[in-house]
Amino acid sequence: MHADRTNRTVLTIIGFLLLAAGVATATAAFGGFGDDRAARLLAANRVWTYAGDNGRWLWPVVGVLALIVLLLALRWLVAILFSTDRVRKLRLRADEGRDRVTLAAPAVGDAVQTEVQSYRGVRSAHARLVGEPDDPVLAIEVDTDLDADLAALRDRIEQDAVAHARQALDRPDLRVRLDLEAQRQAGVRVH
């Protein structure tokens with residue numbers, strides 16, 4: 001996922017902030033900021049005094065803010081769990097003066113998958129476009145028989161199926177990620 005780096009950065013920052021708060025609290029509790037702070041009650045400070053004096057309006061505002069944070073966190077969680085790196089639509093390059101043409105990206109994956117599955121030695125294949133619509137990557141996963149000639153199969157996939165996809169999309173620079181896995185007849189995978 002392209003959002004992985006952002007997620008890791010945000011979670012790392014939140015983790016460091018929580019760690020710093022925990023270390024500061026533990027340091028204060030054990031007298032690191034002086035014995036008078038260690039002996040004070042947690043609620044004996046200006047913030048809690050202010051909250052006690054203005055509780056009629058403060059706590060509903062805090063509740064609304066907490067609800068907003070909860071909704072944003074749920075939206076983020078749903079986006080992480082249910083998002084995909086698959087490309088849905090591609091804009092094909094068009095000559096000047098022509099309308100833009102869009103293509104459903106799964107159609108390209110289905111065509112490549114069907115073509116690769118017809119090759120000798122292929123048990124199953126799965127193909128899809130992943131990444132960004134402006135710079136997609138054709139990801140092809142192929143399960144083969146153990147006795148299949150992997151070099152010849154790779155060459156055929158690159159020279160036929162990948163070449164057809166590049167031609168259909170008018171993207172001679174289309175990047176490809178090809179994963180070949182050989183399987184024994186009993187279904188045991190050999191990497």
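Trainee: How many residues stand between strand 3 and strand 4 in their hairpin?

Mentor: This is a predicted model, where local features need pLDDT of at least 70 and side-chain atom pairs count only at pLDDT 80 or more, while totals for chains, interfaces and linings use all residues. Residues are numbered from 1 along each chain as its sequence is written, and side-chain values use heavy atoms, leaving out hydrogens and water. Helices (H or I, at least four residues) and strands (E, at least two) are DSSP runs numbered from the N terminus. Strand 3 and strand 4 form a hairpin, and the number of residues between them is two.

Trainee: Which residue of strand 4 is the bridge partner of Leu129?

Mentor: Strand 3 (residues 122–132) and strand 4 (residues 135–145) pair in the antiparallel sense over ten bridges; pairing takes at least two bridges found by DSSP. Within strand 4, the bridge partner of Leu129 is Leu138.

Trainee: Gln113 is in helix 5, so to speak; which residue's backbone nitrogen lies 3.5 Å from a polar atom of its side chain?

Mentor: Helix 5 covers residues 105–117. Leaving aside residues up to four places away in sequence, Gln113 touches Ala125, His126 and Ala127, a contact being heavy atoms within 4.5 Å. The backbone nitrogen at 3.5 Å from a polar atom of the Gln113 side chain belongs to Ala127.

Trainee: What distance does helix 1 reach from its first C-alpha to its last?

Mentor: Helix 1 (residues 4–29) has 26 residues.

How values were computed. A polar contact is a pair of N or O atoms within 3.5 Å; within protein, one must be able to donate a hydrogen and the other to accept it, and residues adjacent in sequence count only if both atoms are side-chain atoms. The expected span of a helix is 1.5 Å times one less than its number of residues.
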